[in-house]
Amino acid sequence: MINLIIDNKNITVPRGTDIFLAAKNNGIYIPGLCYHPKLSQYGGCRLCMVEVTERGRTRHKFSCAQPVSEGMQVKTKTPEIIKYTKSVMEYLLAHHPLDCPTCDKSGECGLQDITHDLKLSKGRFKTVRMNKPMRRDNPLLEFNANRCILCGRCVKLCKDVEGVGAIDFQNRGINTIIGTAFDKPLDCSFCGGCLSVCPTGSWQDRTFKFRARHWELKKTTSICPYCAVGCTIETNTKDNTVLKITSNDARGMNEGNLCIKGRFGHDFVHSDKRIKTPLIKKNGVLSPVSWDDAIGYVAKRFREIKNVYGGKAIGGIGSEKCTNEDNYVFQKFCRMVLETNNIDNLSNMKSPLLNTLIHKSIVHGFTSTTSLKKIEKADTLFFVGADVTEAHPVIGTLARKAIRLNKADLIIANLRNVRFDSIAKNDIRLIHKLGTQAPLINALIKTIIDEKLVDLKRVEKATDGLRELKSLLKTFTIKKASQITGVSEETIRKASALVAKPGNCYIVCGKDIEEDPSGPDTIKALMNLCALINTASSLKTDAGKISLVFSRLNNNSQGANDMGVVPDFFPGYLDIDDQSNRKRFEKSWDTKLSDTIRKGTAFNLIDLALKKKLKAMFVMGENPIVNFPNGKTVKEAFRQLEFIVVQDTFLTETAQLADVVFPTATFAEKEGTYTNMAMEVQRLNIAIPPVCNARQDWQILCDIAKKMGVTLFYESSKEILDEIENTVPIFSGIYYERLIRQSFNWVTAHKLKSRKYKFEILNPKSVTVKKKRDYPFLLLTGPSLHHLGSFSRNSNSLVSVASECFVEVNRKDAQQMNIHDGDEVLIESIQDSMKLKAKVTKKLPENMIFIPEDYEWVHVNVLRDNVYTKVKLSKA
Amino acid sequence: MNTLNRQKRDQNEEIDFSKAEEILDAYEGVHGALIPVLQKIQAAYGYLQEPVINLVAERMNMNASEIVGVATFYAQFHLQPRGVHIIKVCCGTACHVKGAPKIVEKFSAELDVPVGSTTKDKLFTLEEVACLGACSLAPVAMIDEDVHGKLAPDNVTQVIQKTK
Ligand code: SF4
Ligand code: SF4
Ligand code: SF4
Ligand code: FES
């Protein structure tokens, strides 16, 4: 720590802090426009001059570029400094258009504030308007170069934080301007980062323009409703309308960074396509009815079905998008009121072993604790089957921070050459063959063992089964591994060395692993890898040196599982067949659970429906008809059902099949908690009252229960969370009020007892994919930056940027078939066919095509079957 | 690894990249080599064209916007093809006083080309420069290596004809 004096105030700050920040953090104001704590220094605006006395010498320095030193004395407001700063401002203002009345930044503009602060009213220079043309070349961002003071913040953010580098200083002298290469229209990831750091009104959100003045906005801190990163957002509202989403650098692990979905994808809240009243199907048409009628009808039908077929004839699909509280009440409602244990959520249906595997990895300390933010402190990053740039963009920004400030190395293992722009010194891509992810991880393990990259004696002592593992891998030489996986021996060696090197390594395990048939094997291999390195390490950090982060798809995919919307666990992963767990919930819920609340045999709700074992289905906030593989079967399964109830904000494909539809509130109208993929429980807050006639999901459930003669009574989400706190051990200590300031991580809060690790002995065979002569291509599907679920689909902003789904085709294949970018191609599988525009790329291996699966209006799942889908391709 | 630029480059196949690749090979792994690379590439190709810049971006793991930024910062780099003859009209103080703007205007009208650009037939590039150091001859212009002093709008046509 360093002690210094700023404006007669004694201050202590960490070494390396610059004067600017030291002053700011201690309530002393220094003007400055180019400095930004999350960006590297630039020292370009020249406004932050201070007088520094050090070792008897007094000099003028730029405070943002001057680190503090012991005993330093700083004055920020001498007459000379003020005179200097004023003249710098005069220069800046000489060319400024001063069009504040029509500028959205007005009221929160750095330039305005400093002008006001220095009482600048008359400049000495003749002012000139530059009249540079306004750039409006994309749907979301507008650039007004006349307002730009060339502070360079947006350039640095775009390059360093977002990794895109779409913009830079162009030209020189008076003609300098922020622009794209060759003056092309802006075509970037539209993270809006430039907008968020610009101190002036140069960058403008086109979706917000002229809709409100800054001071009329109410800001409500909340959590992004899209992906499982769980970025903290600020919902800006006026007259109960959400007008824009901003972010606060000081709140949340995202440090004010968002992706396009989080920042621009909010307009679905006021979409006129929202369901406005409850609907009941009459003569095949969904018609508006009152809440009372709809609830009464559902209660009556459920009672009838229960009486005739028993509760287990009703299935329930919980939601990866609704809050923890909604999901908790959902499983309670199903188990207690409907008396069925046939409940699940889509993520668990897609990868049924994942919960157990994650739990195991937690028990052995392989799972990242506390926060995703830790990724920014990584020394090595290893993305396995994870397309971070598309699926979890802000993990990408955290990773880039580690690469930039921590000199982290990067390894990406994937089937496709996924895009991740980085400046990592070691940037290794393990582009492997299909179905060889498990052998690839084993190859790393083998190399680490063979080359003794870790202290094997230590590992042997701390674990069981190392010998078996060694003998299993005996004949699995690196050469063989290289042949199987298609990754060169040298690359395998390099990657192994990086994974085993000292320092923190974060493995992000992606959807391509989790949803693959060989997923469990790969995850077990990854755990072996973690064990090998962690037990060899002498460092006793909480999560060891290497940790696994399991990606989840949606904002609350983790929470839906945590809350027990799965057939095998009560909330908190308590075994449902365990008598004491059953007692625990019976006591809390003051009920006697029906005998049917048992794990039963392995099943899947879709199969059950197909086998006609289900008569009714209750779907909360999901669209399985489109979002579950093998769309044809799902549709057929739903057709077998007698009665379908759907709660949703939009009339999705699933809702259209329903007999009753309830309109539900969106994130802006909701409170409660979401749990992100690092098990951080974060709180969202109500920004506006429910739009239309919508209700909270849990409220609807309670209303139905009441009609069915069971009181589930809660006044608010807080009461539900209190019950969870009381009943579910891993959530004890979670308090709603406390969540305002800090997220709660159940892994950290409840260190599960660690057992000795026993290596999983796996045969490192690759999955063979049978070729079909008529269907020579393999269909891959995956995430997309622009879309996720029915929210993005109803956001005009997102659709305006990404309006059309596409199919990626390898360049060689395309050449052979004479397919060019933008050509329409026909994709046929055994199940179905569809036409899409082609995008020719080198990212893909030959004989494979890729379709993003989250353009929800394009039902890619109808092409898919349960495992690998083979397709044929032709020019349409 | 900059994959975006690579995709962009894939779409452009008519240009012979081999010379640029050679230059880039020679500077492989050298830090801060952008300016010499651009100089050599400009010497080989005449100007810095878009597909070649995208190649440089990909090979040097930089963003095209940054490279164009550098290229537009220095007067020595050109992003547009240049003419056979380069006309540099001096716009320094002395020439300005002696009517340089009129001279520029005349050249521009005569060649039908805005300042900073090249004629359609690729014969002339018209540029303004700060000072040629020949103030005693003001207003002055340089065409390739020849200095033309004491210009008047009226003899601009003649000067052009002579050069052709
Ligand atoms: S929106 Fe993001 S990617 Fe696009 S220019 Fe701005 S900072 Fe760069
Ligand atoms: S656009 Fe804004 S952030 Fe970018 S250089 Fe100009 S003033 Fe700075
Ligand atoms: S979609 Fe994900 S990465 Fe993007 S802002 Fe929302 S939580 Fe963050
Ligand atoms: S804030 Fe220090 S120079 Fe801009």
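Strand 7 (residues 167–170) and strand 8 (residues 177–180) of chain A run antiparallel and are joined by 4 bridges; strands are DSSP runs of E with at least two residues, numbered from the N terminus, and two of them pair if DSSP finds at least two bridges between them. The two strands form a hairpin with 6 residues between them, and A:N171 in the turn has a positive phi of about 65°.

I noted that this is a predicted model, in which local features need pLDDT of at least 70 and side-chain atom pairs count only at pLDDT 80 or more, while totals for chains, interfaces and linings use all residues. Residues are numbered from 1 along each chain as its sequence is written, chains are lettered from A and ligands numbered from 1 in the order in which they are written, and side-chain values use heavy atoms, with hydrogens and water left out.

Next I checked ligand 2, which 14 residues surround (a heavy atom within 4 Å), the closest being A:C148, A:C151, A:G152, A:C154 and A:C198. Around ligand 1 I listed residues including A:C158, A:C188, A:C191 and A:C194.

Last, I turned to A:F382, which, leaving aside its neighbours within four places in sequence, is in contact (heavy atoms within 4.5 Å) with residues including A:I411, A:L444, A:Y506 and A:L529.
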